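Reader: I am new to this structure. Please take one part of it and look at it closely.

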Amino acid sequence: MTYKKPAKLNQGNTVAIVSPSWGGPSVFPHIYENGLKVLQEWGLKIKEFPTARMDAAFTRANPQIRAKDINDAFADPEVKAILASIGGDDSVRILPFLDKKIIAENPKILMGYSDTSTLHVFSNLQGLITFYGLSIMAGFSQMESLPESFKSHVREILFEPKESYEYQPYGTYCDGYPDWANKENLGKVNPMKSDDGWHWLQGSGSIQGELFGGCIEVLEMMKATDSWPSQDFWKGKIFFLETSEEKPSIQYIDHVLRNYGILGVFDQISGFIFSRARDYSDEEKKELEEKIVSIVAKEFGRPNLPIVANFDVGHTGPQLVLPLGVRAEIDCKNKKISLAESWLE
């Protein structure tokens, strides 16, 4: 597939805010508005679509309204980027109402993570580059409490495309944020912890492939729908998975990975990246990594498939932004992960 790249952002551009999953801004407006401030400081204009601040209960009961906002945001010529307010747990219900033609014909930046995985997969199958990364309430709102390198990374990805880009581990991380109901926690993160970087579990040399992936639990809800990739889709992909704040058990991850193996995914991909698992202890992370290698290398016969774990993507902060559909490189010898082409026009 030849992917369509959206245009980079410039000061004065308009970004759409939508709530494709949970109506979080109606519950914690102070968290939401704190995230919008960053966009405004960057010189961006904000266009809130109806679901952005819509009542959470009404939003949940009406997936077609959430889908309409997505369709309308893609169709709106004024909008240059579409950002999710927050994740959730039921965006799979909007899939029947998304307009393939409108989305395919209007490439623009789409960014979010967690339950926004459904939109990323759907848009990727329509041939669009999308960006797996922070949302307004989870990422933008806490930006001032996270390393400066996080802010510069996000800004560079959105505003300053290059012909290549080397990712760097942040070196510290947090497992989420303190209680949003307490307004004294506005913009704060849970205690930062030191981190020993990415874990290179197996593989040698360098490989390239198009990035694809998302939240492991959300992708499970998509399997067998009309929006799930075909078997030949996976050939040459660099596949990544990340875990949510629900902390799926190692047994759950074991079953999911074995399912991907039976589907033939590990036979076709060129590399595999797994996130820093949210709320896992060091002992649990070690057990998880042993499980990943056991399944991929032993059960499904891929001992040479490059596998990198403890990667800064998803539900721990700060996170790296991954453009789905862009060609990336895993260099096992020099322990580097990079984008091998420009991700925006």
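Author: The largest cavity has a volume of about 40 Å³. On a 1 Å grid over the protein atoms alone, a cavity is a set of points where a 1.4 Å probe fits but cannot get out. Grid points are joined across faces, edges and corners, and a volume is the space filled by probe spheres set on the points. The whole structure holds one cavity of 30 Å³ or more.

This is a predicted model, in which local features need pLDDT of at least 70, side-chain atom pairs count only at pLDDT 80 or more, and totals for chains, interfaces and linings use all residues. Residues are numbered from 1 along each chain as its sequence is written, and side-chain values use heavy atoms, with hydrogens and water left out.

Which residues line the largest cavity? They are Phe-274, Ser-275, Arg-276, Ala-277, Lys-285, Leu-288, Glu-289, Ala-309 and Asn-310. Lining residues have an atom within 4 Å of a point. S12, H11 and S13 are the elements that give two or more residues to this lining. Helices (H or I, at least four residues) and strands (E, at least two) are DSSP runs, numbered from the N terminus. H11 gives the largest share, three residues. By class, the lining has four nonpolar, two polar and three charged residues. Ala, Val, Leu, Ile, Met, Phe, Trp, Tyr, Cys and Pro count as nonpolar, Asp, Glu, Lys and Arg as charged, and the others, Gly among them, as polar.

Now take strand S12, residues 271-275. Five of its five residues are buried, that is, under 20% relative accessible area with a 1.4 Å probe, protein chains only. Both faces are covered. Gly-271, Ile-273 and Ser-275 lie on one side. Phe-272 and Phe-274 lie on the other.

Two strands pair if DSSP finds at least two bridges between them. Strand S11 (residues 238-242) runs parallel to S12, joined by four bridges. Leu-241 has Phe-274 in S12 as its bridge partner. S12 also pairs with strand S13 (residues 307-311), in the parallel sense, over three bridges. There, Ile-273 stands opposite Val-308. From S12 the chain crosses through helix H11 (residues 282-299) to S13. This β-α-β crossover is right-handed: with the strands pointing away from the viewer, the path from the first strand over the helix to the second runs clockwise.

These strands belong to an open sheet of eight, in the order S6-S16-S15-S10-S11-S12-S13-S9, with mixed pairing. Strand S6 (165-166) and strand S9 (199-202) stand at the edges, each with a single partner strand, so one side of each is left without a neighbour in the sheet. Elsewhere in the sheet, strand S10 (residues 206-215) and strand S15 (residues 327-331) run antiparallel, joined by five bridges. Ser-206 stands opposite Asp-331 in S15.

One lining residue, Arg-276, has a further link. Its side chain makes a polar contact with the side chain of Thr-316, at 2.9 Å. A polar contact is a pair of N or O atoms within 3.5 Å; within protein, one must be able to donate a hydrogen and the other to accept it, and residues adjacent in sequence count only if both atoms are side-chain atoms. Thr-316 sits in the loop between S13 and strand S14 (322-324). Is Thr-316 buried or exposed? Thr-316 counts as buried because its relative accessibility is 2%.

Key. Buried < 20%, exposed > 50% of the residue type's maximum accessible area, 1.4 Å probe, protein only. 1 Å grid on protein atoms, 1.4 Å probe; cavity = no way out; pocket = protein on both sides within 12 Å on 5 of 7 lines; lining within 4 Å.
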